[in-house]
Amino acid sequence: MKHLFIIVTSALLLIATATAQALEYTSPTDNETANKTIAEENSRLLRQLDSMIVNSAQLYEKKETRIELLKEHLSKTTDNMSKIETYSSLYDEYFVFQFDSAFTYIDKKIALAAAIGNKQHYDMALLDKAALLSIGGLYSETAALLKEIDPEGLSEEVQIKYNVTHFYLYIYWSDYCHDKVYAPRYRQKATEYLRKTAALIRPGSKRYDFFMGEYYSNTDLNDDKAMSHYLRSMKNVRPDSREYAMASFALASIFKGKGDMLRYEKYLIMACISDLRHSTRESQALQDLAMFLFRQGSSDNIDKAERYINFAMNDAKAYNNRLRILEISQKLPTIVASYREKLAAQNAVLAVATGGVTMLAVALIVLVYFIYRQNKQLTNRRHELSQSNGELQRLNSEQQVLNNKLHTLNARLIDTNRRREHLAKIYIDLCANFIDRLGKFEMLVRRKIKANQIKDLLTMASSTKMTEEDASTFFNSFDKAFLDLYPTFVDEFNALLTPDEQTVKHKNGTHLTTEQRIFALIRLGVTESSEIAALLFYTPRTIYNYRSAVKAKAINRDTFEQDVAKLCTVI
């Protein structure tokens, strides 16, 4: 009566929430806009799934980090109850991640619970081990282990887990057999234990909505009620939990039965994403998604299907799940066979296309041959014309080069004339200045003689001030004129000296040093030291010393002055 009351109460609660929960589902034919929205969401979810598969190593690494922390805690604790709890946590982490490790830690929990005489933990550990064996495909061993547990006297929590473990054992066993003899028998046993679970589980408990969804989906066969419970279950658990993934997968199965393939794909992808977030290596969702996409037939979907089925196979091997490996091995030949059929069809089309292209190629060759014959003479004449044009272009190019050289020489000649005109102006200004000074000096001499100031006149004539002023004026004018006429003289002159001695530069960029001025006169053809001394207001001996000192710095002393005379040949 108690169980009947719970079932009736659950049914009343479902009736109260059925209308609100039904809003979660919209018929695929009700609204095209909604279907378009779901299709866009499915594309987004597929992109998210692809990204997570690419980064699966990082997700698994986070899982292993949590496991290492638990192991570290286990190595430090000495309390038996703390060890049992840590064994349980390690078992939970390894449960759908690595079969052998989960098996190791649940055995340790069983041994410790037996040693301290804790029946509650011992029974729970045996049920955990049975769940692990069943998910690993060891069904006979699971059944034998469950027989060791006496269902009488179990607490309500352990009793629920006892029924749930039997339910999944026979569900997996039925899927494994997949025949008409044993599969229905195991399915019937699974239904019986699911009924017992539904009778015991209380509203508001952690997994109430999920197992009520399982009950209405597998036993009562009421899809609408099952959907309501699955949807509420998904709202009450974390998206990275196994319960969320299982509820999503169950919803996908319901929508598939209703023919709503858009929502089937949506919840199947959500189950795959949740499995990856939970680091679940025991997953059927990904292989089902691979088969669904493969049947779509597009090239992109076939690529995804191949990638997903291989990823699922690798996970199943890493987990050591016999059932999943068997399922995938049965699906792989279908994918390969279909892919080969598609390739054969494509090859047939390609063969026809190749034949057509071959015929077109033959026709094209014939056409090209006739065109070639017709155009041969034209080609020869064009070749002759091309050669004539080439020769003309060559002559034009040579003419252009000559014209450019002529323009360059004309420009240089104009520049040289300009500099020479400037040099003539400097010479005229210098002469005019000296004539003016000479006239003023003559007038001064007359005045001094008339004033009988012969002594003052002699003093003025003996002064060196006039000579220095004349020399400075001459040097400035000479330097300016020479550098304007031969702007590269200093650089070319330095090039004749050894590298260590190439230190003589312009003075402020417009004046020559005494050494440069001496060799500038040599460049102009004034080679006698006496003539150079007279022009530069030095003694011949001083000029000789300057010439010898500079010549000692030359790279080629023997021909140094001849080399200087050849400087700045192109202006």
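Guide: The model is predicted, with a mean pLDDT of 80 for the protein chain and 82% of residues at 70 or more. Over residues 1–28 pLDDT stays under 50. Where pLDDT is low, the predicted coordinates should not be read in detail.

The count of salt bridges comes to 22. One of them pairs Glu93 with Arg66, at 3.5 Å from N to O. Glu93 belongs to helix H4 (residues 80–94) and Arg66 to helix H3 (residues 56–76), so this pair ties together parts 27 residues apart in sequence. Glu93 counts as buried at 17% relative accessibility, while Arg66 is partly exposed at 38%.

Asp123 and Lys119 form a salt bridge whose closest N and O atoms are 2.6 Å apart. Both residues lie in helix H6 (residues 119–135), 4 residues apart, or about one turn of the helix. Asp123 is buried, with a relative accessible area of 7%; Lys119 is exposed, at 51%.

In the salt bridge between Lys551 and Glu561, the closest N and O atoms are 3.9 Å apart. This pair links helix H22 (residues 540–551), which holds Lys551, to helix H23 (residues 560–565), which holds Glu561, the two residues being 10 apart. Lys551 is partly exposed, with a relative accessible area of 31%, and Glu561 is buried, at 17%. Elsewhere, salt bridges with shared partners join Glu41, Arg44 and Lys266 into one network.

Terms used:
Residues numbered from 1 in each chain as written. Predicted model: local features only at pLDDT ≥ 70, side-chain atom pairs only at ≥ 80, totals over all residues. Heavy atoms only, no water. pLDDT = per-residue confidence, 0-100. Contact = heavy atoms within 4.5 Å. Salt bridge = Lys/Arg side-chain N within 4 Å of Asp/Glu carboxyl O. Buried < 20%, exposed > 50% of the residue type's maximum accessible area, 1.4 Å probe, protein only.
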